[in-house]
Amino acid sequence: MKLGFVGVGKIATCVIEGIFKAKINIKEIILSPKNNTNSKLLKNKFKKIIIAKSNQEVLNKSNWVVLSITPKVGRQILKKLKFNKNHMVLNFISTIHNSELKRIIFPAKKVFKVAPLPMIKYNLGPIIIYPKNKKVEKFFNSLGEVFSTNDEKENKKLWVMTSFMATYLEIFNTVSKWLQNKNINKMRSIKYLSNLFKGLNHELLVNSKLNNDKLVKDFQTKGGINEELLLRVKRLGVFKNLNKSFEKIYARIKKN
């Protein structure tokens, strides 16, 4: 496989790091020249990396093409590039859907919307794929947990959850800073909270057949501190506003 990347930002860089960590059999990885810093760092680190002179050269030298650019940049540059009908195109662009993309990059028809997350560099995390395809799924199975679907509505709903990463980390950051402000060492705070969250995530997995409302109830004692914190957070409208925000993100994804 010759894998080309149009766009070499954070996600593309993490995917490439993950590919080499997983030791996937790749003949060459061809990078677009625009983000020269990331491209040079990757080329210096891995032998099979080539930096192309242009985005068109990326396409000319690749049979699989990853589009890892912003929607604005995508609509500006992709219509100027010449794809061929045999290209396998992996669409990482959040709000350009496959139907629109196919019109832009005709005659390429093999288009798959893929949502890898930064943790892919460690071969961890969920990877959304639409529509299902055995070759694409096999490739990404080595890089994380694949969630493939032939239902476009389901795909868009799952994409909403990719917006939750920074918010999740800010929750962790807020709690960690509280401990640090109480003179708990930073690394000790992070290790404790990481183990706490890891344990809670494990509870969710092993009790996946249970109603999550019951699990929430099981983790609080009447009159206890878990019940108190949950009630205080609910009174502030945190969860209602989070749901409203997810709906706003979903509307944005559906619109484009």
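The model is predicted: local features need pLDDT of at least 70, side-chain atom pairs count only at pLDDT 80 or more, and totals for chains, interfaces and linings use all residues. Residues are numbered from 1 along each chain as its sequence is written, and side-chain values use heavy atoms, with hydrogens and water left out.

## Salt bridges

A salt bridge here is a side-chain nitrogen of Lys or Arg within 4 Å of a carboxyl oxygen of Asp or Glu. By this rule, the model has six salt bridges. Three of them are described below.

Buried means under 20% relative accessible area, exposed means over 50%, and partly exposed lies in between (1.4 Å probe, protein chains only).

| Pair | N to O distance |
|---|---|
| Lys 45 and Glu 17 | 3.0 Å |
| Lys 61 and Glu 57 | 2.7 Å |
| Asp 218 and Lys 214 | 3.0 Å |

Start with Lys 45 and Glu 17, whose side chains meet in a salt bridge. This pair links distant parts of the chain: Lys 45 is in helix α2 (residues 36-45), Glu 17 is in helix α1, and they are 28 residues apart. Are the two partners buried or exposed? Lys 45 has a relative accessible area of 52%, so it is exposed. Glu 17 is at 18%, so it counts as buried.

Next come Lys 61 and Glu 57. Both lie in helix α3 (residues 55-61). They are four residues apart, about one turn of the helix. Lys 61 is partly exposed because its relative accessible area is 37%. Glu 57 counts as buried because its value is 18%.

Asp 218 is partly exposed, with a relative accessible area of 46%. Lys 214 is also partly exposed, at 45%.

## Two helices that cross

Two packed helices are described by the angle between their axes and the distance between the axes. Take helix α7 (residues 152-160) and helix α12 (residues 238-255). Their axes come within 9 Å and cross at roughly 130°. That makes α7 oblique to α12. The axes are lines fitted to C-alpha atoms, for helices over the stretch in contact, and angles run from 0 to 180 degrees between N-to-C directions. Angles under 35 degrees count as roughly parallel, over 145 as roughly antiparallel, 65 to 115 as roughly perpendicular and the rest as oblique.

## Backbone exceptions

Most residues other than glycine have a negative phi, and most peptide bonds are trans. Some places in this model depart from that pattern.

Which peptide bonds are cis? One runs from Phe 106 to Pro 107, with omega near 15°. Pro 107 lies in the loop between α5 (98-105) and β6 (110-115). Another joins Tyr 130 and Pro 131, where omega is about -10°. Pro 131 is found in the loop between β7 (126-130) and α6 (134-141).

Now phi. Lys 23 is not a glycine, yet its phi is positive, near 60°. Lys 23 sits in the loop between α1 (10-21) and β2 (28-31). With a relative accessible area of 75%, Lys 23 is exposed. Asn 183 is not a glycine either, and it has a positive phi of about 70°. Asn 183 lies in the loop between α8 (165-181) and α9. Asn 183 is exposed, with a relative accessible area of 74%.

## Inside and surface

Where is Gly 4? Gly 4 is in strand β1 (residues 2-6). Its relative accessibility is 0%, so Gly 4 counts as buried. The C-alpha atoms of Gly 4 and Ala 52 are separated by 9.3 Å, and these residues are 48 residues apart along the chain.

Leu 196 is found in helix α9 (residues 186-206). At 34% relative accessibility, Leu 196 counts as partly exposed.

Terms used: Helix = DSSP H or I, 4+ residues; strand = E, 2+ residues; numbered from the N terminus.
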